[in-house]
Amino acid sequence: MGSRRSSCSVTKVKDRSDRTIQEEAAESKRAAESKRRAKRAEREAARPACCPECQAPSRPLGGRVQMHGHGERERTQRGPEAVGQPPVERSVGVRRYKCTQCGATVTVAPRGVVRRRLYTARAIGLALALFGIQLASVHAARAAIAPMASARDPAEGATWSTLRRWAHEAKAGTLFAEGHACPPTFTLRQAAERASTALQTLGQRGAEALERVWQGAPEAHWGGAS
């Protein structure tokens with residue numbers, strides 16, 4: 001008898017490695033482009049409407065952009081992220097723009113980041129409220145506002161000189177524009193109470209005192225540096 005050939009179908013497994021690499025490359029390219037578009041959108045959204053120095057419009061009608069992106073930076077910020085939460089130290093991104101008309105450089109930061117201050121507006125307001133309204137000790141206020149890294153910092157001082165500096169500025173009426181100078185007879189605790197009460201008026205009515213200060217602090221126009 002002749003040999004019988006078995007009939008069976010052989011399915012060739014297609015090597016998909018090249019296709020997979022191409023797909024991954026395309027996906028990576030799409031992700032990178034999506035990220036670039038998102039960054040452009042963020043940069044455009046943060047661009048000032050005009051230069052604060054010369055008042056030149058950022059994008060004149062029918063003209064070229066006059067406030068150009070000038071890089072990004074990281075700012076260290078200290079304080080809790082909500083009333084009652086432990087304090088942390090974190091980095092936030094700020095954007096810089098340069099005016100082509102006068103050469104001024106403008107920094108745009110998220111709400112609550114105060115120029116030339118290490119602590120957030122909310123952290124400063126909350127510290128003053130704890131000290132002035134809640135009558136907390138300086139040590140207790142520091143424990144609620146300053147991360148452990150700063151609490152161990154010798155520059156902070158044994159009595160947390162930073163809080164006293166804020167209270168002195170509040171007493172002089174220079175801490176934020178909505179505050180007013182206090183009578184010379186006011187103690188630092190009284191000055192802190194007046195300042196935090198002013199911040200309360202910028203918060204939501206009906207909320208608890210500390211929450212109102214927390215809400216109102218980013219709305220204030222802060223000055224000074226500490």
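How many residues lie between S2 and S3 in their hairpin, and which glycine in the turn has a positive phi? There are five residues between the two strands, and Gly103 is the turn glycine, with a positive phi of about 85 degrees. Before we go further, some ground rules: this is a predicted model, so local features need pLDDT of at least 70 and side-chain atom pairs count only at pLDDT 80 or more, while totals for chains, interfaces and linings use all residues. Residues are numbered from 1 along each chain as its sequence is written, and side-chain values use heavy atoms, with hydrogens and water left out.

Let's stay with the strands. Helices (H or I, at least four residues) and strands (E, at least two) are DSSP runs, numbered from the N terminus. Two strands count as a pair if DSSP finds at least two bridges between them. S1 and S2 (residues 87-99) pair in the antiparallel sense over 12 bridges, and Pro80 stands opposite Pro87 of S2. These two strands also make a hairpin, with six residues between them, and here Gly84 in the turn has a positive phi of about 90 degrees. Then S2 pairs with S3, again antiparallel, over four bridges. In that pairing Tyr97 sits opposite Val106 of S3.

Another residue of S3 to look for is Val108. Its relative accessible area is 25%, so Val108 is partly exposed; buried means under 20% relative accessible area, exposed over 50%, and partly exposed in between (1.4 Å probe, protein chains only). Val108 and Tyr97 are 11 residues apart in sequence, and their C-alpha atoms are 7.9 Å apart in space.

Most residues other than glycine have a negative phi. Gln55 is not a glycine, yet its phi is positive, about 65 degrees. You'll find Gln55 in the loop between helix H1 (17-46) and strand S1 (67-80). Arg116 also has a positive phi, near 65 degrees, without being a glycine. Arg116 sits in the loop between strand S3 (105-108) and helix H2 (121-132), and it counts as exposed at 58% relative accessibility.

What about the cysteines? A disulfide is a covalent bond between the sulfur atoms of two cysteines. The cut-off used here is a pair of cysteine sulfur atoms within 2.5 Å, and a search of the whole structure finds zero disulfides. For Cys51, the closest cysteine sulfur belongs to Cys102 and is 3.6 Å away, which is too far for a bond. For Cys99, the closest one is in Cys54, at 3.7 Å, so that is too far for a bond as well. Cys51 is buried, with a relative accessible area of 0%, and Cys99 is buried too, at 2%.

On to the inside of the protein. A nonpolar core is a set of buried Ala, Val, Leu, Ile, Met, Phe, Trp, Tyr and Cys residues joined through side-chain atoms within 4.5 Å. The largest one has 34 residues, and the members that touch the most others are Trp160, Leu163, Trp166 and Trp222. The elements that give two or more residues to this core are H2, helix H3 (138-145), helix H5 (161-172), helix H6 (188-200) and helix H7 (209-216). H2 gives the largest share, nine residues. Take Trp222: leaving out residues up to four places away in sequence, it touches Val114, Ala121, Ile124, Gly125, Leu175, Phe176, Leu199 and Ala217, where contact means heavy atoms within 4.5 Å. There is also a second, separate core of seven residues, including Ala56, Met67, Ala104 and Val106.

Last, the rings. Rings of Phe, Tyr and Trp (its six-membered ring) pair if their centres lie within 6.5 Å; planes under 30 degrees apart count as stacked, over 60 as edge-to-face and the rest as tilted. The structure holds four aromatic pairs. Tyr119 and Trp166 form an edge-to-face one, 5.3 Å centre to centre with 85 degrees between the planes. Tyr119 lies in the loop between S3 and H2 and Trp166 in helix H5, so the pair ties together parts that are 47 residues apart in sequence. Both Tyr119 and Trp166 are buried, and ring pairs link Tyr119, Trp160 and Trp166 into a cluster.
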